[in-house]
Each structure stands twice: as structure tokens, then as C-alpha cells.
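Dear colleague,

My notes on it follow directly after.

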Amino acid sequence: MKVGVIGLGNMGAQIAMAINRAGFDTYVYDIRPEAAEKLVEQGAHSAPSIKELAQQADVVGVVVLNEQQVSEVADEVASAGLPRTLVIHSTVTPMFVQALSERLAPRQVAVVDAAVAGGVARARTGDLTVMVGGNDDVVADLSGIFDAIGRDIFHAGRAGAGSAMKLAVNFMTIAGFALQTEAMEFVRAYGITEDALSSVLTTSSADSRAVRTWGFHDRLRRTAAPGTAPAHEVMHKDIASFATAGGRAGLLLPLATVAAETLLGKVAERDRYLDSLGDVTPIPRCTVCSLELIPPFREAGVHPECAGA
């Protein structure tokens, strides 16, 4: 099986590397030719265009920013005029996947959504959570690819189901970040440090992986590589998509609506606060997962859950 990957940003490059590492004949494309260089050094093939990639690859994975870009890629893949499977790793709405699947079926392109969670650190090691929607037989044929990029694979249902699962995961992740941001703002107003609150949270029912890696989102926003979409704008897109998809399903989701309306403003406030601190010592990071360590875990240099991995 020949596998193509379109979109070599933070996640796409790592997904392509994992697929190539697993022994698949791998073809890659990005609008930035330099993004493919490291993959070519590792044995992948760089395609000069999406259509030419689709003429080579049996399966085409898409890791681009939004629905418009996915749709444009899909049309280019279909223009190759060959039976192909399009795997959408991008975070999109379930109704978009369903409509795209219906649109491409007459052109012999099967659509599977395989949304991923776990971030760049787990993408690097091929340990992502993969949430899949699509025809049973088509999904079964792709199992080797999913095993290459993921540790936990869930076939959630028909096309669109993987994207629905991902939006729910992202809503909880992003809304949790917004809650943490306000909690940190609150304790600072009372003269309590963020480190102090983080240490207490790990001993309470509010403990979570997000608490234990507090500072990760700040670093992600403030060290984004040139040419990549700002992390907070991607978060806003995802939470707005969750609210929109909920509305299409007849649901009222007031918390999602508030989060979508206020997220960018809260992030801007957060960045102004970080700017006011000036140069600060970087937060120590876990030797296993490479994410931030809050005070209780810094002496050991590893998160407890990572130490037992």
C-alpha cells in the first residue's frame, strides 16, 4: 500500500514520519517545499503537487487547517481519476465529512475521517489516539496505517463519527484550559502563585493531565513555527465548530457558545500577563513526554503517569 500525506505542519509531519517508519511507501506534499526535506532524508518521496501525489498513493491522508482546505485537497485528489481512499485527520465537523463522502463516492474516492488526539509529543512516537469514522471494510483495510500512528484506535461509526468524537474531546480540552486560565487569574488576584495552586490541584478532585502540564499551551502559542496557524486561533476554530455541530444536531450548548465568544479575549489577557513577567526561566519538562512539569514533579523530572509508561 502506498500512502500519501498532505500537510506537513506540526502534526502532519509527525504522522508522515510514523507511517514512513512503519515501512509504507510514503509520499508527502506541503505548500512549503522545505517541509518535506526531513521526510525525504528518511526515505519518503516528495510530490510536486497534490494531483501527482494522488496519482501515486492508494491512500491519501489530509492534515490541513480547515474544511475549505480539506475540500480543495479532496477535489485535487479526485481529479486524478483513480479509485482512492481519502483519510481526513484534520479537525472538521461531522456533517462536512458526511457531505464530502457523498460528493466523492461517484468519483470512486472513499472518505474516512480519522481524527487524532494526543498532541505533537505522542504523534512523534506513534502513540496517538485515533478516532475513526467510515465504512467497516474500508476502515479494516487501513488498520496498518492507524497502528503506525496510534496507540489507541476507536472505530466510532460511519463517516463523520470520528470527527464528532474529536470535537467533543477538543471541547473538553479547550474549555478546561479556559477554566484553568480563569482559576489562575483568580488566585493571582489574592496573592497566590500559579505554582501554589497547581500543587494543590494535584491532590484534589480537580487533578488532571492538563493541570500537571500547566504552561504547555503558553509555550505552544509563543513558540509557534513560522507559517503555522496560531494555536489559539485553531482552538477557537475547534470550539466554534463544536458549537455549530451541536446546533445542527438540535442541541443547545451554552457553555460552548460562551467559550467560543470569550476564548480569544482570555488568551490575549493571558499573553499580556506573561509579557509583563519579562524574561523568566523556562518551566522544566518531563524527560519522557517532554511536556511541562508543575512543582510536585520537578525533582523527579517526570510525571508519575509517564514514569510508569
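A residue is called buried here when its relative accessible area is under 20%, and exposed when that area is over 50%. By this criterion, 46% of the 309 residues of the chain count as buried. Please bear in mind throughout that this is a predicted model.

**Overall form**

The chain has a radius of gyration of 20 Å, which agrees with the value near 19 Å that a compact globule of 309 residues would have. Along the principal axes, its C-alpha atoms fill a box of roughly 65 × 45 × 35 Å. Where contacts link residues at least 6 apart in sequence, 63% of them join residues at least 24 apart. The secondary structure consists of 15 helices and 8 strands.

**The sheet**

The 8 strands form an open sheet with mixed pairing, in the order β3-β2-β1-β4-β5-β6-β7-β8. Its edge strands, each pairing on one side only, are β3 (45-46) and β8 (150-157).

β4 pairs in the parallel sense with β1 over 4 bridges, and V59 of β4 is the bridge partner of V3. β4 also runs parallel to β5, again with 4 bridges, and here V62 stands opposite I88.

The buried residues are G12, A13, Q14, I15, A16, M17, A18, I19 and N20. Just after the helix, G23 adopts a positive phi of about 100°.

The largest nonpolar core holds 32 residues, and those touching the most other members are L8, I19, V130, L142 and F146. At least two residues of this core come from each of β1 (2-6), α1, β6 (109-117), β7 (128-133), α7 (136-141) and α8 (143-149). The greatest share is that of α1, with 6 residues. Apart from neighbours within four places in sequence, F146 is in contact with V87, V112, A114, V130, V132, V139 and I153. There is also a second, separate core of 29 residues, which includes M184, L201, C289 and C306.

Helix α5 (residues 94-104) has P94, M95, F96, V97, L100 and L104 as its buried residues. Among the elements that cover them are α4 (67-78), β5 (84-88), β6, α9 (161-189) and α13 (231-248).

A159 lies in the loop between β8 and α9. With a relative accessible area of 12%, A159 is buried. In sequence A159 and P94 are 65 residues apart, but their C-alpha atoms are 7.5 Å apart in space. Setting aside neighbours within four places in sequence, the contacts of A159 are V97, Q98, S101, V111, D113, G133 and G134.

**Residue R212**

Beyond residues up to four places away in sequence, R212 touches T202, D207, E292, L293, I294, F297, H303, P304 and E305.

With kind regards

Terms used. Residues are numbered from 1 along each chain as its sequence is written. This is a predicted model: local features need pLDDT of at least 70, side-chain atom pairs count only at pLDDT 80 or more; totals for chains, interfaces and linings use all residues. Side-chain values use heavy atoms; hydrogens and water are left out. Buried means under 20% relative accessible area, exposed over 50%, partly exposed in between (1.4 Å probe, protein chains only). A nonpolar core is a set of buried Ala, Val, Leu, Ile, Met, Phe, Trp, Tyr and Cys residues joined through side-chain atoms within 4.5 Å. Contact means heavy atoms within 4.5 Å. The radius of gyration is taken over C-alpha atoms; the globule rule is 2.2 Å times the number of residues to the power 0.38. Two strands pair if DSSP finds at least two bridges between them.
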